[in-house]
Amino acid sequence: MASTATLVLAASALVAVPASALASPSVPEPTGPHEVRFATFNTALERSEEGLLAEELATPDSEQARNVAEIIQHVRPDVLLVNEFDHDDAGLGLRRFQDNYLSVAQNGADAIEYPYVYSAPVNTGVASGVDLNGDGEAVTEPGGPAYAEDAFGYGFFPGQYGMAVLSKYPILTDQARTFQTFRWADMPDALLPTDPETGESYYSEEALEVLRLSSKSHWDLPIDTGRGRPVHLLASHPTPPTFDGPEKRNVARNHDEIRFWADYVTPRAGDYIHDDAGVRGGLAPGARFVIAGDLNADPNDGDGHPEAMARLLEHRSIVDVRPSSQGGRGAAERQGGANEHHVGDPELDSADFVDEPGPGNLRVDYVLPSRSLPARGSGVFWPTVDDPLFRLTGDHPFPSSDHRLVWVDVVSAGSGATDPVGTSED
């Protein structure tokens with residue numbers, strides 16, 4: 001499978017807290033010795049047509065991109081997964097975002113440089129060639145909802161709603177594993193949807209033969225933090241558990257996309273998994289990892305499968321440090337609506353969704369380290385209304401994104417050789 005890993009020549013990033021942010025409690029302290037800050041951010045930098053994002057980022061004039069960049073400059077992640085950033089094979093959009101936004105000081109925040117960038121194709125907007133939405137037609141001409149619903153992942157064109165990883169540490173691309181083409185039907189006991197009226201499979205045999213599990217992709221990217229064994233960044237962006245019918249096909253897919261990582265990090269449970277190069281097996285026992293991404297599932301509220309997040313949050317090898325913010329609590333209280341009926345702690349929310357009729361604000365963005373990576377700090381960048389940086393997140397219409405950047409600092413120290421991956425080849 002083709003993939004790209006772009007090296008951006010850059011100077012070392014400054015670590016001092018920008019003077020303009022000293023009055024904001026939303027800005028975390030710099031990381032300590034041997035600590036690495038992992039983060040995920042759904043930037044909502046997707047556009048309706050192919051090439052529009054790269055064109056917009058060709059100048060430093062995009063207000064949304066400036067706000068997104070300033071948030072990143074304030075939090076200063078060492079390794080950042082970006083969701084909803086349109087993919088282009090040449091990496092033009094990412095280079096322009098670095099050069100025209102991240103490398104430019106925004107409102108007094110210090111510029112930040114990411115020497116290592118990883119980007120690869122995703123399933124959104126890739127024609128499946130079969131009827132996936134049950135309307136009796138397989139639409140293969142890009143553009144429009146009918147095409148998007150028959151694509152492997154919802155998208156008007158290939159690469160819409162893509163993802164990328166920006167890192168200050170080397171990404172070991174020769175050891176990277178991608179799972180873009182893994183079939184949903186190849187997962188044992190998959191929650192493949194059924195027609196509630198007939199009890200028959202919602203998808204045709206023809207559809208199940210090609211339908212991929214991942215709505216975007218699943219990536220295992222070893223990050224060389226310079227202190228022994230690499231840390232595997234396990235990145236994904238499952239489909240939202242909504243926008244479907246009584247068969248709940250998106251609820252089921254979201255559940256299984258999340259389950260994939262639980263199986264992957266559990267010895268022997270991931271033996272069925274094969275990557276795009278044909279290598280079988282899950283993560284090697286004892287490997288250090290961080291699961292990150294907009295997983296589109298709240299453990300307590302919203303429309304997701306009630307067990308979707310439990311597999312990860314209760315996994316014996318994973319620690320949920322529960323990143324939080326006071327801004328999330330304030331938003332839930334201020335906005336009301338569906339938030340008034342939530343049972344989850346609003347300080348853990350990471351997305352500001354529609355309050356009437358719902359689903360309200362939810363916790364859907366996660367950074368989940370393995371137990372072998374002790375956490376030293378965490379947070380959700382969600383300023384309160386009296387915070388000078390509230391202007392970066394705000395209320396709808398959002399100046400940056402409807403999601404908030406989530407970060408966790410882990411101690412990355414250890415020794416040993418490179419982790420093996422997989423077990424065999426097809």
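R76 lies in the loop between α2 (63-75) and β3 (79-85). The model is predicted, and in this model the phi of R76 is near 60°, a positive value in a residue other than glycine. Most residues other than glycine have a negative phi, and most peptide bonds are trans.

**R76 and helix α2**

- R76 comes after α2, and its phi is positive, near 60°.
- R76 counts as buried because its relative accessibility is 7%, and the cut-off for buried is under 20%.
- Helix α2 has 13 residues, and the distance from its first C-alpha to its last is 19 Å. This is close to the 18 Å expected at 1.5 Å a residue.
- Of the 13 residues of α2, 11 are buried, so the helix is largely enclosed by the rest of the structure.
- The buried residues of α2 include Q64, A65, N67, V68 and A69. Among them are also E70, I71, I72, Q73, H74 and V75.
- What do the buried residues of α2 pack against? They pack against β2 (35-45), β3, α3 (92-102) and β13.

**The five-stranded sheet**

- An open sheet of 5 strands has mixed pairing, and its strand order is β6-β7-β8-β10-β11.
- The edge strands are β6 (177-178) and β11 (365-369), each of which pairs on one side only.
- Strands of a sheet pair through backbone hydrogen bonds, either parallel or antiparallel.
- β7 (residues 218-223) and β8 (residues 231-236) pair in the antiparallel sense, over 6 bridges.
- Within this pairing, D220 has L234 in β8 as its bridge partner.

**Helix α6 on the sheet**

- Helix α6 (residues 249-264) lies across β6, β7, β8 and β10 (288-294). The helix runs at about 40° to β7.
- At 1.5 Å a residue, the 16 residues of α6 should span 22 Å.
- How many of the 16 residues of α6 are buried? The count is 16 of 16, so α6 is largely enclosed by the rest of the structure.

**Aromatic pairs**

- A search of the whole structure finds 13 aromatic pairs.
- One of these is the pair of F179 and F260, which is edge-to-face, at 5.2 Å centre to centre and 65° between the planes.
- This pair links distant parts of the chain, 81 residues apart. F179 is in the loop between β6 and α5 (205-210), whereas F260 is in helix α6.
- Both F179 and F260 are buried.
- The rings of Y202 and Y203 have their centres 5.0 Å apart and their planes at 80°, so this pair is edge-to-face; the cut-off for that label is over 60 degrees.
- Y202 counts as partly exposed because its relative accessibility is 22%, whereas Y203 is buried, with a relative accessible area of 9%.
- Ring pairs link F179, F182, F260, W261, Y264 and Y272 into a cluster.

**Charges over rings**

- The charged end of R212 sits over the ring of F152, at 4.1 Å from the ring centre.
- R404 lies over the face of W382, and the distance to the ring centre is 4.4 Å.

**The loop between α8 and β11**

- E356 lies in the loop between α8 (326-335) and β11.
- Is E356 buried or exposed? E356 counts as exposed because its relative accessibility is 62%.
- E356 and G337 are 19 residues apart in sequence, but their C-alpha atoms are 5.5 Å apart in space.
- P359 also lies in the loop between α8 and β11. The peptide bond from G358 to P359 is cis, with omega near 20°.

**Other loop residues**

- P397 lies in the loop between β12 (375-380) and β13 (406-411). The peptide bond from H396 to P397 is cis, with omega near 0°.
- F243 is in the loop between β8 and α6. Its phi is positive, about 60°, although F243 is not a glycine.
- F243 is exposed, with a relative accessible area of 68%.

Definitions and conventions:
Residues are numbered from 1 along each chain as its sequence is written. This is a predicted model: local features need pLDDT of at least 70, side-chain atom pairs count only at pLDDT 80 or more; totals for chains, interfaces and linings use all residues. Side-chain values use heavy atoms; hydrogens and water are left out. Two strands pair if DSSP finds at least two bridges between them. Helices (H or I, at least four residues) and strands (E, at least two) are DSSP runs, numbered from the N terminus. Contact means heavy atoms within 4.5 Å. Axes are lines fitted to C-alpha atoms, for helices over the stretch in contact, and angles run from 0 to 180 degrees between N-to-C directions. The expected span of a helix is 1.5 Å times one less than its number of residues. Buried means under 20% relative accessible area, exposed over 50%, partly exposed in between (1.4 Å probe, protein chains only). Rings of Phe, Tyr and Trp (its six-membered ring) pair if their centres lie within 6.5 Å; planes under 30 degrees apart count as stacked, over 60 as edge-to-face and the rest as tilted. A charge sits over a ring if NZ of Lys or CZ of Arg is within 6 Å of the ring centre and within 35 degrees of the ring normal.
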